[in-house]
Amino acid sequence: MQQEEQTEKGSNQALLKICAFIVDKRNLFFLIFIILMVASVFTKNLVSVENSMSFYLPQSTETRQGLDLMEEEFITYGACDVMIANISYDQGEKIRDDMLDIDGVFSVDYDDSPDHYNNGSGKFSITFEYPEKDDTCLVLLDKVKELVAPYDSYVSTSLGNAQSEQIAEEMKLISVLVVIVVLSVLLLTTEAYAEIPVLLLTFGAAAVLHMGSNFVFGTISFVSDSVTIVLQLALSVDYAVIFLNRYKEEHQTLPYREAVIIALSKAIPEIAGSSLTTIGGLIAMTFMQYKMGPDMGIVLIKSILLSLLGVFLLMPGILMLFSQLMEKTKHKNFVPKIPFVGKFAYATRFFIPPIFLVLIIAGYIISGKCPYVYGYSTIETPLKNKSQITDKMIGESFADENMVAFIVPAGDYDKEAELIADLEAREEVDHIQGLANIEALNGYTLTDKLTPRQFSELLNIDYEVAELIYTAYAVDDENYAKAVNGLEGYSVPLIDMFMFAYKEVDEGYVTLDDEMMETLEDAHKMMNFAKEQLQGENYSRMLVYLTLPEESERTFRFLDEMHDIAHNYYDGKVLVCGETVSQYDLQKTFARDNMVVNIVSILVVLVVLLFSFKSAGMPVLLIIVIQGSIWINFSVPTLQGANIFFMSYLIVSSIQMGANIDYAIVIAGRYTELRETMGRKEAIIDTMNAAFPTIITSGTMLALAGILIGNLTSDVAIFNIGQCLGRGTLISIFITMFVLPQILLVGDTIISKTAFVMNMPIRTKQATGFMRVDGIVRGRVNGIVTGTMHAIVRGEVSAYVEGGGVVEYQKGNEELMAIEAGDNDRRQSEIKDSSNDTDKGSEITKAPDAPDEDKGEKKEKVKESVKMNKKEAKLEIKSREKEKNGGDHDNNTKEIAKEDKAHE
């Protein structure tokens with residue numbers, strides 16, 4: 001028993017020593033943070049941002065396999081679409097010629113068909129001579145924009161990082177507005193103006209370190225890059241507020257340094273426990289198959305951990321710097337008491353829980369029908385960027401194109417031609433581009449097989465020259481029989497023969513006149529360009545343009561039908577790749593990810609709550625409350641008929657479970673503590689009064705941050721995240737304030753009966769003599785006690801003390817211990833009661849009809865009370881010593897009076 005007590009005391013002492021080191025060596029930590037922040041300014045530019053949604057699909061999906069295979073087998077050239085409004089067709093032809101004159105532009109598709117000229121607008125499909133990842137394409141794109149700038153023009157392209165740059169600009173504005181919101185909330189909820197820079201400096205340092213440390217991941221998603229900085233502030237500002245409140249409590253009885261040390265030692269376990277639920281919810285995201293979930297989850301967890309380091313290592317020093325200024329800039333606390341909420345909860349305790357039960361059942365059913373989508377095409381954002389405006393303008397004049405790439409084994413042009421003909425016969429297909437149906441010369445397609453006679457007539461060359469070329473091709477193809485026995489019936493695909501002829505001429509084996517050489521070079525350039533895009537070493541690619549929308553059940557069914565059709569011709573791997581296929585793959589991963597995220601987030605939070613409350617009933621009640629909030633949150637878009645991007649749901653449900661449950665924990669924890677010494681009604685009233693400032697501070701910040709993100713971004717995923725997070729946080733606040741208290745009142749019996757203590761021996765404290773008792777006491781102190789004690793005891797103690805301990809005073813330091821331990825606690829309580837003007841029946845309370853006393857009179861009363869308490873403690877100690885030695889009690893009293901007078 002004594003060994004366990006010594007171990008506990010040792011751990012407390014070790015924590016105090018660590019906290020003292022942090023405070024005393026604050027200049028060292030200032031230096032470390034400054035160095036890291038300066039480094040972060042440079043390292044944040046080393047972070048690569050991935051803008052593609054399909055990049056994060058699992059490797060097992062068809063889209064991911066198709067993208068990887070296409071990168072290996074084919075070249076995708078840079079391209080853009082340009083729409084110019086209010087021009088004649090002839091003007092369009094002139095503009096097309098000007099575009100073709102730009103060095104580096106390979107082709108410009110423009111004709112009088114409805115696909116390229118409609119409603120007085122021309123659409124120009126431009127292809128560059130360089131792969132889309134080549135920076136030269138961006139230079140050419142700028143030249144095209146410069147060319148069409150005098151016209152009413154709109155340029156649509158996937159080249160460059162326009163989307164990422166647009167989102168970055170939007171998030172800068174959002175970040176500024178969120179900071180303004182945070183400042184406004186802190187002005188209303190803090191008690192001194194100087195507290196605000198303490199909190200902002202702490203968070204600012206953590207934010208800079210977060211942005212600078214992202215380079216360790218190499219590449220992060222555009223969602224993680226844009227919203228995590230705002231969410232870091234909203235999710236972690238609680239930690240700094242908890243530490244600050246602890247400091248203010250301790251500073252009522254202790255000087256600056258000691259107050260910071262003691263506050264830090266108490267805040268570390270409290271903040272660490274609070275952060276575990278948030279981190280637990282984010283951990284659930286790391287189990288998603290869709291890798292953008294783990295990407296954002298890990299980045300957010302890192303931001304939370306850096307915020308914790310900022311609070312634990314940097315904020316103590318900042319508090320020391322601003323401590324005196326905080327004293328001078330105190331102002332009125334504008335957060336009101338809300339006893340009516342607790343009274344309402346007690347009065348409606350038998351009505352609200354059944355109503356809430358009906359609501360969460362309805363929420364579960366309705367949210368299960370939430371219209372989730374997997375692409376951007378069906379969701380309208382309140383803010384439109386240039387790209388969205390361009391796509392909308394083009395879509396109003398020209399039909400939207402839904403193109404997928406169909407990848408099949410290479411080597412058989414006849415099968416490709418048959419497959420293309422089979423697909424083009426379907427009403428779901430508009431047209432197809434493949435080597436087997438691209439026209440080359442004089443009506444021949446690229447894959448049509450020509451004899452030497454046909455080849456000579458096509459190019460208008462001597463038959464003997466054609467025979468020579470065919471003979472060389474037969475030898476190169478190891479078809480010696482054709483070369484020896486005759487070439488009359490030997491036919492070769494046009495594209496293959498052109499490519500071979502060009503190589504023979506280029507190497508000097510065949511000579512052509514200038515005109516024929518120019519024809520061959522033009523044909524080779526066009527065919528080589530097509531071959532690099534549509535034929536690889538092992539696979540061929542066809543571009544299939546569908547008449548179906550990007551995202552619909554019918555579209556997804558036809559993708560499966562395309563596989564069935566292709567397998568009639570090929571036994572090997574067949575892949576379909578494109579935006580539609582990506583959305584189909586996302587739909588398949590969503591069902592699994594949704595289940596995993598919900599289960600993991602609930603289990604992790606449940607484990608944290610079990611250890612926190614040591615009750616099986618309490619965690620279940622809290623999780624029901626927050627999970628009910630999530631269901632109600634996602635019932636709203638169902639009732640509105642508004643589509644929700646699937647990833648936004650997964651991310652918001654994880655954050656809402658991990659972060660919003662903190663509000664429920666604040667209320668439940670305070671209620672559990674107060675129920676040790678109070679009845680249900682008094683406990684719930686005091687609980688709501690005490691929890692309201694924390695909930696309104698944190699909840700307002702997170703809700704407003706979400707609302708700002710949802711209304712000031714043009715990206716669909718980020719828009720839905722902000723929209724759902726803001727709405728979900730408001731719902732969680734309302735339910736924890738006006739539903740959870742009733743549930744706690746009704747479930748009080750369940751909570752107490754399901755309480756348990758972990759399989760550890762109860763460490764009963766046993767002592768006799770003069771001692772200080774602090775903590776939740778269950779046992780005998782000259783009588784059975786169950787409750788929270790902060791008292792000096794002379795007698796016997798045999799009890800289990802939680803959250804504190806029993807300190808026996810040794811001879812020689814009893815006086816110091818008594819004054820410091822007993823009287824300071826009493827003085828702290830009295831100062832708090834007098835400053836808050838409470839109505840809880842404390843010793844310093846105004847009579848109902850008494851006039852208001854000014855603060856000076858109250859402080860004088862507190863000082864007088866403290867002085868009397870010190871005298872009583874000294875008298876008790878002196879009396880005890882004199883009794884042992886047979887001394888005189890009156891002389892003791894005179895002695896103490898002299899000491900007090902000298903001290904004054």
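Phe738 counts as partly exposed, because its relative accessibility is 29%. Here buried means under 20% relative accessible area, exposed over 50%, and partly exposed in between (1.4 Å probe, protein chains only). This is a predicted model, in which local features need pLDDT of at least 70 and side-chain atom pairs count only at pLDDT 80 or more, while totals for chains, interfaces and linings use all residues. Residues are numbered from 1 along each chain as its sequence is written, and side-chain values use heavy atoms, with hydrogens and water left out.

Start with the aromatic rings. The whole structure holds 24 aromatic pairs. Rings of Phe, Tyr and Trp (its six-membered ring) pair if their centres lie within 6.5 Å; planes under 30 degrees apart count as stacked, over 60 as edge-to-face and the rest as tilted. Tyr473 and Phe500 make an edge-to-face pair, at 5.3 Å centre to centre and 90° between the planes. Tyr473 belongs to helix H16 (residues 463–476) and Phe500 to helix H18 (residues 494–506), so their pairing ties together parts that are 27 residues apart in sequence. Helices (H or I, at least four residues) and strands (E, at least two) are DSSP runs, numbered from the N terminus. Tyr473 and Phe500 are both buried.

One aromatic cluster includes Tyr290, Tyr372, Phe590 and Tyr649.

Charges meet rings as well. A charge sits over a ring if NZ of Lys or CZ of Arg is within 6 Å of the ring centre and within 35 degrees of the ring normal. Arg349 lies over the face of Tyr346, 3.9 Å from the ring centre. Lys588 has its charged end over the ring of Tyr584, at 4.1 Å from the centre.

Now turn to a pair of helices. The axes of H7 (residues 195–213) and H10 (residues 292–328) come within 7 Å and cross at roughly 150°. Axes are lines fitted to C-alpha atoms, for helices over the stretch in contact, and angles run from 0 to 180 degrees between N-to-C directions.

Leu314 lies in helix H10. Its relative accessible area is 6%, so Leu314 is buried. Leu314 and Asn27 are 287 residues apart in sequence, yet 9.5 Å apart in space, C-alpha to C-alpha. Beyond neighbours within four places in sequence, Leu314 is in contact (heavy atoms within 4.5 Å) with Phe30, Phe33, Leu201, Ala205 and Leu309.

Ser54 sits between strand E1 (48–50) and helix H3 (62–73). With a relative accessible area of 15%, Ser54 is buried. Leaving aside neighbours within four places in sequence, Ser54 is in contact with Thr63, Arg64, Leu67 and Ser582.

Which loop holds Asn86? Asn86 is in the loop between strand E2 (77–85) and helix H4 (89–100). Asn86 is not a glycine, although its phi is positive, about 60°. At 65% relative accessibility, Asn86 counts as exposed. Asn119 is in the loop between strand E4 (117–118) and strand E5 (121–131). Its phi is near 55°, a positive value in a residue other than glycine. Asn119 counts as exposed, at 61% relative accessibility.
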